[in-house]
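Hi everyone, thanks for coming. Please have a look at the sequence and the model on the screen, and then I'll walk you through them.

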Amino acid sequence: MAMTLRLTDTELTALRRRAEYESRSMQDVARQAVREYIEGHSRAEVLDQVLDEELPRYAEALERLGQ
């Protein structure tokens with residue numbers, strides 16, 4: 001699927017430099033950045049969900065440990 005990505009001049013310059021530095025296309029660098037962003041945020045969401053579900057179960061024990 002094709003899409004248009006509008007970048008500021010600063011963002012475009014940084015992307016171009018990174019791509020040149022890594023001897024890769026700007027598209028490859030941008031796609032990797034998107035994948036890493038999604039993976040990182042997906043992990044954080046899962047961790048938040050687990051903490052929201054499990055933390056209340058152990059709240060009393062955690063409070064005692066903190067004293």
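I'll start with the overall fold, then turn to a helix pair and a pocket.

This is a predicted model, where local features need pLDDT of at least 70, side-chain atom pairs count only at pLDDT 80 or more, and totals for chains, interfaces and linings use all residues. Residues are numbered from 1 along each chain as its sequence is written, and side-chain values use heavy atoms, with hydrogens and water left out.

The protein has three helices and zero strands; helices (H or I, at least four residues) and strands (E, at least two) are DSSP runs, numbered from the N terminus. The radius of gyration, taken over C-alpha atoms, is 20 Å, well over the 11 Å that the globule rule (2.2 Å times the number of residues to the power 0.38) gives for 67 residues, so the protein is more spread out than a compact globule.

Now the helix pair. α1 and α2 pack at an angle of about 105 degrees, with their axes 8 Å apart; axes are lines fitted to C-alpha atoms, for helices over the stretch in contact, and angles run from 0 to 180 degrees between N-to-C directions. That makes α1 roughly perpendicular (65 to 115 degrees) to α2. Contact means heavy atoms within 4.5 Å, and among the residues making it are Leu12 and Leu15 of α1 and Val29 and Ala30 of α2.

Which residues lie nearest the centre of the largest pocket? They are Met3, Leu5, Gln27, Ala30 and Arg31, out of 13 lining residues. A pocket is an open set of points on a 1 Å grid where a 1.4 Å probe fits, with protein on both sides within 12 Å along at least five of seven lines, and lining residues have an atom within 4 Å of a point. The largest share of that lining, five residues, comes from α2.

Definitions and conventions
Angles under 35 degrees count as roughly parallel, over 145 as roughly antiparallel, 65 to 115 as roughly perpendicular and the rest as oblique.
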